[in-house]
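Here is a structure to read together. Take a look before the dialogue starts.

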Amino acid sequence: MIKSMEKIISLAKRRGFIFPSSEIYGGLSSCYDYGPLGVELKNNIKRAWWKKIVQENEKVVGLDASILMNPKVWEASGHLKGFVDPLVECKKCHKRFRQDDLKENKCPDCGGELTEKKNFNLLFKTFMGPTEDQSSEIYLRPETAQGIFVNFKNVVQSSRMKIPFGIAQIGKSFRNEITPGNFIFRTREFEQMELEFFTYPKEAEKWYQYWKEQRFNWYLDLGIKKENLRLREHKSNELAHYAKGCSDIEYSFPFSTKSGEKEDKIWSELEGIAYRGDFDLIQHQTFSHEELAILDENGEKFIPHVIEPSAGVERPLLAFLIDAYEEVEGGRSITTESNKSEEVVLRLHKDLAPIKVAILPLSKKEPLIELARSIETDLRKYWMVQYDEISSIGRRYRRQDEIGTLYCLTVDFESLDDKKITIRDRDTMKQERISIMEIVPYLKEKLD
Ligand code: ATP
């Protein structure tokens, strides 16, 4: 089965995962809004990351720094000078490209001649306060990491964390990308989940290996198929001058190739894990004149080294959607009412599925509805639930399969007498009849 981007984008729109931003005004290039199911999926991804990185790890604490920061931060981090991409423009059709994306020195669209390359800074600039002059210039953060470095001292002093330890943050970042695209893969506004893990220099290599393994396994544990995931170590010419090592976790996306329209499997980055040495803390110490060194076991001052696993939220979200998408030829046995040729099942991991349970009464008659609604109210205390009484039961099952709902619960006339319902498992299609009293413990065992 070919999983095309077109099918994923269509499902995402149709079922309320992802909409183009400000669509009624014609949209805004590369900006997207997350609908009722998309926001659940996004929250579930962030929750799964936070649980693994912060909640379950005694060595990591969280942070939520502001998006707007003192502009000196970006001078120290090197973003003001160095956060640039090489921009070229076609003299004929005026399309713009990243020069390092091009195979040949001509416009890939019309073959026209290109301008000289210009370094284009990706920082979004705005003004703080009522005056619009240079002194009020300020930037939207292009990464969350710097908010962590500038709070290093605050966290050390307030939380009693001892090296090795990490600070984690999830939040929005902004980059004025030259060529956004591939749906939500490259956008100008996105979310990041970043961890800065501070270690003794002599232990940094060990932690670098540790975090590569941990992060790779996180994707596998959440259901990404092994054959679609790889860890790629950067070559020395790809590394930033201060970096001592960097690996990307890549997913094999069904993107169009750069040269043509053909869709192919293209390995693309979901997350980078970098061994950044002491570069960031030294830079901030130099620019802020605040000492950021701490004491080691022997009472000597040192600047910790940093391992940084840095993931987006949207790229993993797209990978989870693509990986979970399955078309079942000829339909699934229980839904044989219509003569459809294929059905879609979104086999999202139980922790990621936006809706855990759907309640489907078999009739719209009053006593049944009342019972179904009371079950719904009960389950809503624990999980995201959908109630659906519209259209045939086959269609309702298919709709739930398409959005990845884990359990469908049908309430029928017998339920009124025997106080039991039928529960169907999305993946095994197994149906069980269980007592209404048993629903919560049954689902708790399966879902928690
Ligand atoms: P790329 O080489 O694809 O531009 P990058 O190496 O610049 O990515 P990082 O700076 O390492 O990306 O950012 C860490 C993570 O943040 C990426 O792995 C990705 O998941 C996410 N990310 C970065 N830029 C974007 C973007 N423009 N849109 C969506 N997510 C992004």
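**Reading the model**

Q: Which residues of helix α8 are buried?
A: A residue is buried if 20 or more other C-beta atoms lie within 10 Å of its own, exposed if 12 or fewer, and partly exposed in between, with C-beta atoms placed from the backbone. Helices are DSSP runs of H or I with at least four residues, strands are runs of E with at least two, and both are numbered from the N terminus. In α8 (residues 279-288), the residues Asp280, Leu281 and His284 are buried. They sit on the same side of α8, because they cover an arc of only 95° around the axis. That arc is taken from the directions from the helix axis to the C-beta atoms. Just after α8, His289 has a positive phi of about 60°.

Q: What kind of model is this?
A: It is a predicted model: local features need pLDDT of at least 70, side-chain atom pairs count only at pLDDT 80 or more, and totals for chains, interfaces and linings use all residues. Residues are numbered from 1 along each chain as its sequence is written.

Q: How many helices and strands does the chain have?
A: The chain comes to 13 helices and 23 strands. Its C-alpha trace spans about 75 × 65 × 50 Å along the principal axes. Of its 448 residues, 32% are buried.

Q: Is Ser252 buried or partly exposed?
A: Ser252 counts as partly exposed, because it has 18 C-beta neighbours inside 10 Å. It lies in strand β12 (residues 245-256). Two residues are in contact if their C-beta atoms, placed from the backbone, lie within 7 Å. Leaving out residues up to four places away in sequence, Ser252 touches Asn228, Lys265 and Trp267.

Q: In what order do the strands β4, β5 and β6 lie in their open sheet?
A: Two strands pair if DSSP finds at least two bridges between them. Here 3 strands form an open sheet in the order β5-β4-β6, with antiparallel pairing. The edges are β5 (96-98) and β6 (118-121); each has a single partner strand, so one side of each is left without a neighbour in the sheet. Neighbouring strands are turned by 45° against each other on average, direction ignored. Strand β4 (residues 84-89) is joined to β5 by 3 bridges. Val88 stands opposite Phe97 in β5.

Q: How many residues surround the ligand, and which are the closest?
A: A residue is near a molecule if its C-beta atom, placed from the backbone, lies within 6 Å of it. The ligand has 15 residues around it; the closest are Phe190, Gly272, Ser310, Gly312 and Arg315. Two or more residues each come from β10 (189-199), β13 (263-277), β16 (305-312) and α9 (314-324). The largest share, 4 residues, is from β13.

Notes. Axes are lines fitted to C-alpha atoms, for helices over the stretch in contact, and angles run from 0 to 180 degrees between N-to-C directions.
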